[in-house]
Amino acid sequence: MSLTGFLKAASLAAVLATSVAAPVWAQEVLRLRLNGDINTMDPISTTNFTIRNAAYLMYDTLFALDSNYEPQPQMAEGYELSEDGLTYTITLRDGLKFHNGDTVNASDVVASLERWGKVDGLGKTLFSKMEAMSAADEKTITIRMSEPWGQVIPALGKISSNVPVIMTAEQAANDPSEPVATPIGSGPYKLVPDEWVPGSVAVFEKFEDYVPRSEPADMAAGGKVAHFDRVELVYIPDTATAIDALIGGEIDWIEEVPADMLPFFEGADTAKPIAARQSGNSMQLVVNHLNPPFDNEKVRHALQWALEQEPFLLAAYGDATERYLECAAVFFCDTPYASDANTERVLTRDVGKAKALLEEAGYDGTPVVLLHVTDIPAHDAYYSVLKPMLEEAGFVVEQQMSDWATVATRRASKEPVSEGGWNLFFTGWGFVDQSNPMTNVYVSGEGENAWFGWANSEELRDLRKQFADESDPEVRKKLAERMQVLTHDLVSYVPMGQAFPSQGIATNLEGFIESPVPFFWEVRRAD
């Protein structure tokens, strides 16, 4: 189906309608297709990567990671640390303005970080070690720690979900569980609320008052130079339609191209697929510990024995083995904390053991509800493999088809399945989040205060605290390995392998930054 036909048949017709209303023909426009719809623009209220990626267009951060994964000042001009290692004095740089015209004040920064610290794992740890944070004056933030902790600036420069973006103090007063309705940022592009149509398009315009840093762009750090007048995030649920639109010059970039659609680009000179190895992530099957049947540990272990990674990887990526890696390491393979400890149940399928465990657990046929995402190709492929595997092992399965935006909202429900809850869903986290035990959501053990799935373990909580306080690398590695053993016993999730997806890009674009998060400053049309 061509994009033209799709526009006539679905809500994407609004894209062209709103575009014509503004003089887009006179502007330089970048059109992007992300993995899923933009139904909120608040990356503190959600860990949804689609929202994170969109939010970087309009928000800025106090610090940011460079390509060596070292935190650099971004909105901050710099900082000083007292001799006793307890007091951080951070000064804002000149020229910072919000999109409503107000000057960014230190009180906005304090309020934003306090909001972030209520929901982010690393943020919670930071605030637990903090004595006080305040705005000393309009440009100065003071953080007083109760004990020296070397992770203060890295925490404030966290690149991925939840991102510690800076918003107005008024908006930061919102409960972090409730997304800000009409967000105001201070980044290189500003949201155009009147043209934001969830399920269709989110529109941004270049913020003329944004003052980039003078340094060259370096991953999330450095100068963020906007080269387009306008950026449109176009929601196209069907990937084949999106590729057709890319090759036809109607959009400029696709976040993920499934392996079986790579041949679509053969012979095309307007667009090409590129391997985004720096964006590698791990697909995970998240398990809800609150609802039957997975409130029973034996049933969770049966789930592990019922599955194996290779069929899922083949379904999503075909025989393109350079695009995936079988891996059960909680902190990713090929990283400092990689381990194969306690991975037998995860890497080896044994239907007999799965059935035996279900019988021991007294499994009564309670349906397992899968939140089957249809608008992200890899997710769709994984669910198609999951259902028959579970049924062969003795589970009764019910699939509920949905788009990713809906699942990203529904997964927050702790209600019974009959009242909008769930049992299993797939998600993907990148190595930049999961390779660090301080940011890996599956090792928090915080129960109902944990990330979705709400796995509970007092020992995991203690280990994470020990890890945060420990400076010896070898001791840290042993602590991380013990975390992995407990996590696989607890089954907060089932790892489904690492993948390195392909992106689709118009051949007349240049300036893309290699990063685990897609950034669109520096991107421009080639001459």
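A residue counts as buried when its relative accessible area is under 20%. Keep that cut-off in mind for this tour of a predicted model.

**Stop one: confidence**

Start by colouring the chain by pLDDT. The mean is 93, and 94% of the residues reach 70 or more. Now select residues 4–22, where the pLDDT is below 50. This stretch has 30 contacts in the model beyond near neighbours in sequence. Where pLDDT is low, the predicted coordinates should not be read in detail.

**Stop two: the sheet**

Next, show the open sheet of 7 strands, which has mixed pairing. Follow the order β8-β9-β10-β1-β11-β19-β12 across the sheet. Which strands stand at the edges? Select 189–191 for β8 and 271–275 for β12: each has a single partner strand, so one side of each is left without a neighbour in the sheet. From one strand to the next, the twist averages 25°.

Zoom in on β11 (residues 253–257) and β19 (residues 502–506). These two strands run antiparallel and are joined by 3 bridges. Pick W253 here, and you will find I505 of β19 standing opposite.

**Stop three: backbone geometry**

Go to M219, in the loop between β9 (201–206) and β10 (230–234). Its phi is near 55°, a positive value in a residue other than glycine. Is M219 buried or exposed? M219 has 4% relative accessibility, so this residue counts as buried.

Move on to V491, in the loop between α17 (473–490) and β18 (493–499). V491 is not a glycine either, yet has a positive phi of about 60°. At 0% relative accessibility, V491 counts as buried because the cut-off is under 20%.

**Stop four: cis peptide bonds**

Select S161 and N162, which are joined by a cis peptide bond with omega of about -15°. N162 is in the loop between α6 (152–156) and α7 (169–172).

Finish at P292 and P293. The peptide bond from P292 to P293 is also cis, and its omega is near 5°. Where is P293? Look in the loop between β13 (281–287) and α9 (297–306).

Methods
Residues are numbered from 1 along each chain as its sequence is written. This is a predicted model: local features need pLDDT of at least 70, side-chain atom pairs count only at pLDDT 80 or more; totals for chains, interfaces and linings use all residues. Side-chain values use heavy atoms; hydrogens and water are left out. Helices (H or I, at least four residues) and strands (E, at least two) are DSSP runs, numbered from the N terminus. Buried means under 20% relative accessible area, exposed over 50%, partly exposed in between (1.4 Å probe, protein chains only). pLDDT is the predictor's confidence in each residue, from 0 to 100. Contact means heavy atoms within 4.5 Å. Two strands pair if DSSP finds at least two bridges between them. Axes are lines fitted to C-alpha atoms, for helices over the stretch in contact, and angles run from 0 to 180 degrees between N-to-C directions.
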